[in-house]
Amino acid sequence: MTLLKKHQDKWIETPGPLETPCYIWIAGKSGKTRNRPILSVRRKSKIAYRVIKAERDGPCPPGAGFSHLCHSSLCVNPDHGVWESNLKNRRREGTKGYQYRPRENRKNPWKVMVKLSGKMSYFGMHNTEKEARWMANAILSYTSIQEAM
């Protein structure tokens, strides 16, 4: 039995931005913002999406990390993650300034956060990826114009 099946009671299936649904972790979470799903493996806490992906596709290659294609840090669907370098993840289209954060009864699952003057600034929750991308790009464009002046 796979870890994903074994821990099926710890995640819920929700529609996401990709063709397949997100599996949003609802059990233990860790990290400063409580956005890392935690799974106990041999009495040690591990990041759930990394363990589930490694079980199915093999261990993380040296110099690589886990990247969410769905932009949801709580998603444990192994189809929604890839092993890649941090630089490649940052350069991928659509990862600048917004992420998919579904919650039960939430109408606006797209969160916009942009780094300004070295600090992360929150710019609201949006209904669609298109709205979130527009907001993030507008803020980034405005700040780059201000910095050039």
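Buried means under 20% relative accessible area, exposed means over 50%, and partly exposed lies in between (1.4 Å probe, protein chains only). This is a predicted model: local features need pLDDT of at least 70, side-chain atom pairs count only at pLDDT 80 or more, and totals for chains, interfaces and linings use all residues. Residues are numbered from 1 along each chain as its sequence is written, and side-chain values use heavy atoms, with hydrogens and water left out.

**Cysteines**
- Cysteine 75 is buried, at a relative accessible area of 1%.
- Cysteine 70 is buried too, at 0%.
- A disulfide is a pair of cysteine sulfur atoms within 2.5 Å; by this rule the count is zero.
- Cysteine 70 takes part in no disulfide: the nearest cysteine sulfur, that of cysteine 22, is 3.8 Å away.
- For cysteine 75, the closest cysteine sulfur belongs to cysteine 70, at 3.8 Å, which is too far for a bond.

- Strands are DSSP runs (E, at least two residues) and helices are runs of H or I (at least four), numbered from the N terminus.
- Two strands pair if DSSP finds at least two bridges between them.
- Strand β4 (residues 36–41) pairs with strand β5 (residues 44–47) in the antiparallel sense, over four bridges.
- Isoleucine 38 has isoleucine 47, in β5, as its bridge partner.
- Two residues lie between the strands of this hairpin, and arginine 42 takes a positive phi near 50 degrees.

**Tryptophan 110**
- Tryptophan 110 sits in strand β9 (residues 110–116).
- Its relative accessibility is 4%, so tryptophan 110 counts as buried.
- Threonine 128 is 18 residues from tryptophan 110 along the chain, and their C-alpha atoms are separated by 6.4 Å.
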